[in-house]
Amino acid sequence: MSHTVDIPQALRDSLRKFRFARRSTGSAALVVKIDRKKLTMEEEEQFNNISIEELVEELPENSPRYVVLSYELRHKDGRVSFPLVLVNWAPPSSETKSMTLHASAFLDFQSAAEVSKVIDIQDGAEGLTKEAIDAKLLS
């Protein structure tokens, strides 16, 4: 099978470590970008105990990213869980070449991250809110 973008073993290890980390409060995020020159994915940054509003401030306004999010979800019955969610950050002001590359590598990244819940954000900061994530996960 041909892959458009390489996912280095170091990133795979980082994803695995992130997935299995124990969390008791707050959301955490691992942000991944594609290096267009090398055609490889690389970890850009990790955040612990970050709010969705803070995460939106950290994400670029004109460049796509994959965000693996361990989200603090409060259920109606009072339980708290930390589901893993893949946020496909693809703001409308991104370059067409970047968006094409990002889209072509998405399924490979989703498979490597082993995350089944996906939230597509294509309208920028307005689309990535706590309410939007809660609605998607609690439906």
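Two strands pair if DSSP finds at least two bridges between them, where helices (H or I, at least four residues) and strands (E, at least two) are DSSP runs, numbered from the N terminus. The exercises below concern a predicted model, in which local features need pLDDT of at least 70 and side-chain atom pairs count only at pLDDT 80 or more, while totals for chains, interfaces and linings use all residues. Residues are numbered from 1 along each chain as its sequence is written, and side-chain values use heavy atoms, with hydrogens and water left out.

**Exercise 1. Describe the order of the open sheet and identify its edge strands.**

Step 1. The open sheet has five strands in the order β2-β1-β3-β6-β7, and its pairing is mixed.

Step 2. The edge strands are β2 (40-50) and β7 (118-121), since each pairs on one side only.

Step 3. Neighbouring strands of this sheet are turned by 20° against each other on average, direction ignored; such angles run from 0 to 180 degrees between N-to-C directions, with axes taken as lines fitted to C-alpha atoms, for helices over the stretch in contact.

**Exercise 2. Work out how strand β3 is paired and whether its residues are buried or exposed.**

Step 1. On one side, β3 pairs with strand β1 (residues 27-35) in the antiparallel sense over five bridges, and here Leu30 stands opposite Val68.

Step 2. With strand β6 (residues 84-89), β3 pairs in the antiparallel sense over six bridges; Val67 has Val87 as its bridge partner in β6, and Ser70 stands opposite Leu84.

Step 3. In a regular strand the side chains alternate between the two faces of the sheet. In β3, Arg65, Val67 and Leu69 point one way, and Tyr66, Val68 and Ser70 point the other way.

Step 4. Six of the six residues of β3 (residues 65-70) are buried, so the strand is largely enclosed by the rest of the structure. Buried means under 20% relative accessible area, exposed over 50%, and partly exposed in between (1.4 Å probe, protein chains only).

**Exercise 3. Determine which residues of helix α1 are buried, and what they pack against.**

Step 1. In helix α1 (residues 9-19), the buried residues are Leu11, Ser14, Leu15 and Phe18.

Step 2. Seen down the axis of α1, these buried residues fall within an arc of 100° (taken over the directions from the helix axis to the C-beta atoms), so they line one face of the helix.

Step 3. Gln9, Arg16 and Lys17, on the other side of α1, are exposed.

Step 4. The buried residues of α1 pack against β1, β2, β3, β6 and α3, with contact meaning heavy atoms within 4.5 Å.
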